[in-house]
Amino acid sequence: MNGDAFPIDYEARYHALGRLAVSAAGGTSASDLLDAAVSEAVSLVGLSAGAVRLYGPKGDEVAHAFAGEPPSQEKLNDLEATLLAQLRRNYSVKSLYMTLDLDGPAGLFSYPLKSGDTIIGSISGVARGERSLAREEEFVASLAAMIVLIGRAGGAVPVPVTKAASDENAIRSRAVRETAAAINHEVNNPLMAVMGNVELLLRKEAQFDPDARDKLHKIHEAAGRIRQVTQDLMRISEPRSTPYPGGSSMIDIDNSPKSDR
């Protein structure tokens, strides 16, 4: 067993959280966010499969999600529903590790997901090859952070708001601002060229007929609105969503609090 064999990539974890935050800000459902969180965490640490189960106040399961390679995912799902559930229920087993044969040696691990002293779920995974405690811990830490973020953003996951939740909310806001920065960069460069050329034409507007002049003014006005929207996106400090046709939602630019910078 080697507890130091897995290099933890904090930048990759941050970007995974950012992607999840953007999805949450866009109105993705809590169940879909949970599926995405498990998939992100499995990919982040290179597991064969991963799973999370969340419990309600009475210990009943209220949500679960699986991700990974189909054979490993199927095996983990089967073990979660039978052996692991029985060990937790009848013998109060909280953490465990066992070796499996999945066309080669693989290890199954399971840890409790806690909020304070209360167990609110379990996080399990299957990893091929030699055991790495560092990889298991990174999977648990990454997935737990994502679950807190979902609870804060969507309110449908039973995770109390803690300092960690506040921290993840800040990450969510940063993710929106970084996305806005990318849009601002990619849009504003060609937009400035459009506005500059339109302004040059407007200096000679006497040469154009009224209809052409009107269209040039409308182009310039529309480009100005686009520029203002990208600037407002950059200043959002706390993203808020608003319903959008088709059952989805979008960031409410006008009503989202903004910073002065």
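Reader: Where in the chain is the place of Asp103?
Author: In this predicted model, local features need pLDDT of at least 70, side-chain atom pairs count only at pLDDT 80 or more, and totals for chains, interfaces and linings use all residues. Residues are numbered from 1 along each chain as its sequence is written, and side-chain values use heavy atoms, without hydrogens and water. Helices (H or I, at least four residues) and strands (E, at least two) are DSSP runs numbered from the N terminus. Asp103 lies in the loop between strand 3 and strand 4 (105–115).

Reader: Does Asp103 count as buried or exposed, and why?
Author: Buried means under 20% relative accessible area and exposed over 50%, with partly exposed in between (1.4 Å probe, protein chains only). Asp103 has a relative accessibility of 86%. Asp103 therefore counts as exposed.

Reader: What is the phi of Asp103?
Author: Most residues other than glycine have a negative phi. Asp103 is a residue other than glycine, yet its phi is positive, near 55°.

Reader: Which loop holds Ser92?
Author: Ser92 is not a glycine, although its phi is positive, at about 55°. This residue is found in the loop between helix 3 (70–91) and strand 3 (96–101).

Reader: What is the reach of helix 2 from its first C-alpha to its last?
Author: Helix 2 covers residues 30–45, which is 16 residues. Its buried residues include Ala30, Leu33, Leu34, Glu40 and Leu44. Just after helix 2, Gly46 takes a positive phi of about 75°. From its first C-alpha to its last, helix 2 reaches 23 Å.

Reader: Which residues does Ser142 touch, not counting those up to four places away in sequence?
Author: Ser142 belongs to helix 4 (residues 133–154). It counts as buried because its relative accessibility is 0%. A contact means heavy atoms within 4.5 Å. With residues up to four places away in sequence left out, Ser142 touches Arg13 and Leu44. Leu44 is itself one of the buried residues of helix 2, and the two partners asked for are Arg13 and Leu44.

Reader: Of the contacts between residues at least 6 apart in sequence, what share joins residues at least 24 apart?
Author: The chain has 261 residues, and buried residues make up 39% of them. Among contacts between residues at least 6 apart in sequence, the share that joins residues at least 24 apart is 54%.

Key:
Expected span 1.5 Å × (residues − 1).
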